[in-house]
Amino acid sequence: MTTLRLILGDQLNVAHSWFRQPDRDVVYVMMEIRSETDYVRHHAQKVLALFASMRAFAEAINKAGHRVRYYRVGDRDNRHTFVDNLRQTIKAERAACWERMEADEWRVEEALAAAARELGLPCQVVDAEHFLTKREEIRAAFASRVPRMEYFYRGMRRRLGILIDAKGEPVGGKWNFDAQNRSRWDGTPPAPAWPWLIHDLRELWHEIQSAGVATIGDPQADKLRWPINRREARAGLAHFIAHALPNFGAYQDAMREHSPLIFHSALSFALNTKMLSPMEVVQAALDAFDEGSAPLSAVEGFVRQIIGWREFVRGVYWGRMPAYAKTNCLAADRKLPAWYWTGDTAMRCVGDAVRNSLSLAYAHHIQRLMLTGNFALLAGVDPDEVDAWYLGIYIDAFEWVELPNTRGMSQYADGGLLGSKPYAAGANYIGKQSDYCKGCKYDPKRRAGVNACPFNALYWNFIDRHSERFESNPRMALPRRAWLALSQAEKEAIRQTASEYLDRIDAL
């Protein structure tokens, strides 16, 4: 009696209990399918890295004695949907049942549930054995009430016993050292080198192109710099702990032109495909603190991203889908500016972030939140457009983590369900955290008039547009009062400048 087990491209978890013991009556099925490459237009490096990682994983478990049926993107018998490929594999293997792990994305979970109904064979769904919270538990908890992330994080710290002293209090006397983690980086200390090995994937890129997969961004197929197996992922983790973690905390909110990584880990692709587990990443950081090689502020800030924010946004996603994907409380309806696809803008900050994204399939979280995301928020871009861009362009973007970060944190489309205020800012914030404003065409000191920074005009226009909504939000009281205190003439000048910029938004 043969059993099929489906492995998705973001389920490359060699530590899963499925793989403890080879069983010749079990066939693992993996597939590179157009239904997954085409639902948005993905970055070329995302498709390359996923397919290369999937192939490496299939080879690894096959060498370990497991039977594998792998559908490559160009195979003639590849039907390019889950259900069709499963149907023909079931027939070929004379399978009596099939199994799968829980999918991380709502869309995929729905597709696989529909496939099970259509196939008519017994189907068992098992835990992916990766996250720190069970999906059904967190779904139920977040469906009724979304807690503030800080309190969720404290609960996770207590439950897991992470950075908790013998009295049950946070190590160092504080739960959060974020106030120490906002330093501007001037290039010293020097940032470590890009952590990943170079891969020549030109043959795979030819297969992808021959299959007709449409992508965005620079494939860099002859020198792809992302991990494609667990060994490389672990080496990247070790590199981060040794060379970047000590300075990660202080500079985690810093930005600098031509410096896409600074002291960030770039581990999110390896984590989100499950080549790394969250607890092994957290433990590596805790070990560095115990050994005295990384300060508490850096370790706490990094741990918070993994056990706090990452688990929290998953709770928002599963607790509030599918309705969450349609939220648009600010009624934003503008098209995404054309330069999001080219980086061709005179705004140095956003241009650098977009060009990094197109060339690397990566930008760190402050560039995403306070540059590309902030601009889209201020300009009133339709969150559907923003979602599609973020989901496609970033190598680590899977909907469970992308959607709450974009629609909630970045665009405030959920009306404050995830975050208590819009993450909106003008040039002053960008200037404090980066070197972008120096030498820019636009004047960061000006709110209105010729060459006023678009972030300034659009920020105050945003406050004006949504003043009534923000009246009851205490965290927006200060900027709202500042807007109301401006003279009528200055308000009109800002409105006029903002209107002119929005009219020619593709040419900024």
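Which residues point one way from β2, and which the other way? Val26, Tyr28 and Met30 point one way, Val27, Val29 and Met31 point the other way, and all are buried. Here, buried means under 20% relative accessible area, exposed over 50%, and partly exposed in between, with a 1.4 Å probe and protein chains only. In a regular strand the side chains alternate between the two faces of the sheet.

This is a predicted model, in which local features need pLDDT of at least 70 and side-chain atom pairs count only at pLDDT 80 or more, while totals for chains, interfaces and linings use all residues. Residues are numbered from 1 along each chain as its sequence is written, and side-chain values use heavy atoms, with hydrogens and water left out.

The protein has 21 helices and 5 strands; helices (H or I, at least four residues) and strands (E, at least two) are DSSP runs, numbered from the N terminus. Of its 508 residues, 57% count as buried. Strand β2 (residues 26-31) is largely enclosed by the rest of the structure, because 6 of its 6 residues are buried.

| Strands | Sense | Bridges |
|---|---|---|
| β1 (residues 2-6) and β2 | parallel | 4 bridges |
| β2 and β3 (residues 67-71) | parallel | 5 bridges |

Within β2, tyrosine 28 is the bridge partner of arginine 5, and valine 29 stands opposite arginine 69 in β3.

As for overall dimensions, the C-alpha atoms fill a box of roughly 80 × 55 × 45 Å, taken along the principal axes.

Definitions and conventions: Pairing = 2+ DSSP bridges.
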